[in-house]
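Dear colleague,

I am passing on the structure we spoke about, and below it you will find my notes on what turned up when I went through it. Please read them with the model open beside you.

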Amino acid sequence: MASTQELSDFLARVERRAFKQTAYAVRDDHAAMDIVQDAMLKLAEKYASRPVEEYPMLFQRILQNTMKDYWRRQKVRDLWTTLLSSLGVNPHDDEEHDPLETMPSGRDGDDPRQQYEQQETLLIIENAIKSLPTRQREAFILRYWEEMDVAETAAAMGCSEGSVKTHCSRAVHALMVSLEKYGLTREVLDKVGSKR
């Protein structure tokens, strides 16, 4: 059984990466933060008594389910927005904006040119990942950035291991095609992915 401190430490460790992962999926910073906080609360409320070793898988599963709930609610909202807009009512005046932020790159004292190039590379990669279909994006992030194995990824996504392999293969191929346009190679992607 995990202690309160172990649960707190786990949540602190995963919060930033979970937010980034969710922001890729939902493309809305505020919604992503709400989803991550909801998932963290669910883990704390329902599974705090579980062993700390089970937290990563439990949390990913909860996070994936919370994102699915978000998409279901969004679908209903979109339906009503479409219906209302056809009547000439505009319930949303918010402008669309890009929720993805470029992560700070480099350390103090690094060459500014190198920092700029790394920042630009991250932006190119983030845009390429953002353009992937949802399931490919989920599989790619869980497998390569969250470093889950195929079985863990399948459990988190609620699909078969074969589907995970297919999604990952297609995601990697699509990313390579997209990134080659900018002269980036798989080694660059691996290097940047390891820094996340």
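One cavity of 30 Å³ or more is found in this structure, which is a predicted model, and the volume of the largest cavity comes to about 30 Å³. The residues that line the largest cavity are Gln21, Tyr24, Ala25, Met67, Arg137, Glu138 and Ile141, and the elements that contribute two or more residues to that lining are α1 and α5. Sorted by class, the lining of the largest cavity consists of four nonpolar residues, one polar residue and two charged residues.

Helix α5 runs over residues 134–145, twelve residues in total, and from its first C-alpha to its last it reaches 16 Å, which is close to the 16 Å expected at 1.5 Å a residue. The buried residues in α5 are Gln136, Arg137, Glu138, Ala139, Phe140, Ile141, Leu142 and Trp145, and among these Arg137, Glu138 and Ile141 are also found in the lining of the largest cavity. After α5 comes Glu147, which has a positive phi, near 55°.

Is Gln60 buried or exposed? Gln60 counts as buried because its relative accessibility is 5%, and the cut-off for buried is under 20%. If we leave aside the neighbours within four places in sequence, Gln60 is in contact with Gln21, Leu142, Glu146, Met148 and Ala156, and Gln21 in that list is also one of the residues that line the largest cavity.

The nonpolar cores are the last topic. The largest nonpolar core has 24 residues, of which Phe10, Val26, Leu43, Phe59 and Leu63 touch the most other members. Helices α1 (4–26), α2 (29–47) and α3 (55–86) each supply at least two residues of this core, and α1 gives the most, with nine residues. To see one of these residues in its surroundings, take Leu43, which, leaving aside its neighbours within four places in sequence, is in contact with Leu7, Phe10, Leu11, Ala48, Tyr55, Leu58, Phe59 and Ile62. There is also a second, separate core of 14 residues, and Phe140, Val172, Met176 and Leu184 are among them; Phe140 is one of the buried residues of α5.

With best wishes

Terms used:
Residues are numbered from 1 along each chain as its sequence is written. This is a predicted model: local features need pLDDT of at least 70, side-chain atom pairs count only at pLDDT 80 or more; totals for chains, interfaces and linings use all residues. Side-chain values use heavy atoms; hydrogens and water are left out. Helices (H or I, at least four residues) and strands (E, at least two) are DSSP runs, numbered from the N terminus. The expected span of a helix is 1.5 Å times one less than its number of residues. Buried means under 20% relative accessible area, exposed over 50%, partly exposed in between (1.4 Å probe, protein chains only). A nonpolar core is a set of buried Ala, Val, Leu, Ile, Met, Phe, Trp, Tyr and Cys residues joined through side-chain atoms within 4.5 Å. Contact means heavy atoms within 4.5 Å. On a 1 Å grid over the protein atoms alone, a cavity is a set of points where a 1.4 Å probe fits but cannot get out, and a pocket is an open set with protein on both sides within 12 Å along at least five of seven lines; lining residues have an atom within 4 Å of a point. Grid points are joined across faces, edges and corners, and a volume is the space filled by probe spheres set on the points. Ala, Val, Leu, Ile, Met, Phe, Trp, Tyr, Cys and Pro count as nonpolar, Asp, Glu, Lys and Arg as charged, and the others, Gly among them, as polar.
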